[in-house]
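Good morning. Please have the sequence and the model open, and we will go through them together.

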Amino acid sequence: SLIHLSSRCVLLREIAVRDCAFITQNAIAFTISHSPGLKSIAVNEIGFPSVDYVFKESFLHGKVLSDLDLSSSFVSDELLNSIVEACLPLNKLILARCHGFTFAGLLLLSSKYHSLSLISVEGVNFLTDQNINELSKFFSKLTSINLGFCSKLTNSTFFTLTRNCPLLNEINMERTNLGEEEFPTKFVVNPQVKFLNLAQNGKLSNESIKRFVAICPSL
C-alpha cells in the first residue's frame, strides 16, 4: 500500500506511517527513491538492523528530505552512517526511544549535520553528560532538544546546553537526573531559552528551580 501510494502521488511532500506493523525498510526505501519532493517522513517501530544496498542508495534520492522521525525503531550505526553519506538537507531528527545504535554513530551524524535545529533522543538511556558535552559542539543552530527519560543526565548537561547552544529555545529534560549535582558558582545566562520541561525530576529543590530561572531569564 505504501509503495502504491508513493508510485501514484508524485507530488508527495510528507508522509507519516504510525503503528503499521507490516511496513518494512524496503517500502521506506521505495518511497524515498520515488518521491523527489519528499521533505518529511515519520515512521515508528520499524527494524533497520542492517542496511542493504537498495536502502542505502535510496537516501541519495532524498534531495529535499529535511525531517526524519524514526521513533521507537531499531536503528543501527550502519543506518546512521548511510544518512551521513547521503548529505541530506537534514533539519529535524527524531530518534526517540530508538535502540541499536551507539554514541559513535550519533556523534558521527551530529558532526555532519551542523544544520540541525531539532533533535530528539528521548529515552536513549546510554547518553551521559560527557556525551552531550561532545555533541553540543555541533549544535550551534539547535533550537529544540528532547532529552527526556535519559536517566544518566544531570545538571551538567543543562549547563552545557545553555552555554554551548546560543539559539536554543526549548529544552526537555523530563525524568532525567537533574538536581543530582551541585551548581557551579559561575554560569552563562541564556536569554534565548523560552521553554523548559523538568517534570518528574525528584531530586530538584527550590534552589535548583531558582538557579535554572536565573540562567534562563526569558522563560
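In which helix is Ile-209 found? Ile-209 is in helix H8. Keep in mind that this is a predicted model.

Now, is Ile-209 buried, partly exposed or exposed? Its relative accessible area is 39%. Buried means under 20% and exposed means over 50%, so Ile-209 counts as partly exposed. On the surface, Ile-209 forms a nonpolar patch with Val-213 and Leu-219. Together these three residues have about 240 Å² of accessible area.

Next, the inside. The largest nonpolar core has 64 residues. Ile-83, Leu-127 and Phe-158 are the members that touch the most others in this core. Among the elements that give two or more residues to the core are strand E1 (14–17), strand E2 (40–43), helix H2 (25–33), helix H4 (77–86) and helix H8 (206–215). H4 gives the most, with five residues.

What does Ile-83 touch, leaving out residues up to four places away in sequence? The contacts are Phe-59, Leu-68, Leu-88, Leu-90, Leu-109 and Tyr-113.

Last, helix H7, which covers 155–164 and also gives two or more residues to the core. Why is H7 described as largely enclosed by the rest of the structure? Because seven of its 10 residues are buried. Those residues are Asn-155, Thr-157, Phe-158, Phe-159, Thr-160, Leu-161 and Thr-162.

Key. Residues are numbered from 1 along each chain as its sequence is written. This is a predicted model: local features need pLDDT of at least 70, side-chain atom pairs count only at pLDDT 80 or more; totals for chains, interfaces and linings use all residues. Side-chain values use heavy atoms; hydrogens and water are left out. A nonpolar core is a set of buried Ala, Val, Leu, Ile, Met, Phe, Trp, Tyr and Cys residues joined through side-chain atoms within 4.5 Å. Buried means under 20% relative accessible area, exposed over 50%, partly exposed in between (1.4 Å probe, protein chains only). Helices (H or I, at least four residues) and strands (E, at least two) are DSSP runs, numbered from the N terminus. Contact means heavy atoms within 4.5 Å. Patches are made of residues with over 30% relative accessible area and no salt bridge: like charges are joined within 9 Å, nonpolar side chains (Val, Leu, Ile, Met, Phe, Trp, Tyr) within 5 Å. Accessible areas come from the Shrake-Rupley method with a 1.4 Å probe; for residues, only the protein chains shown count as cover. A salt bridge is a side-chain nitrogen of Lys or Arg within 4 Å of a carboxyl oxygen of Asp or Glu.
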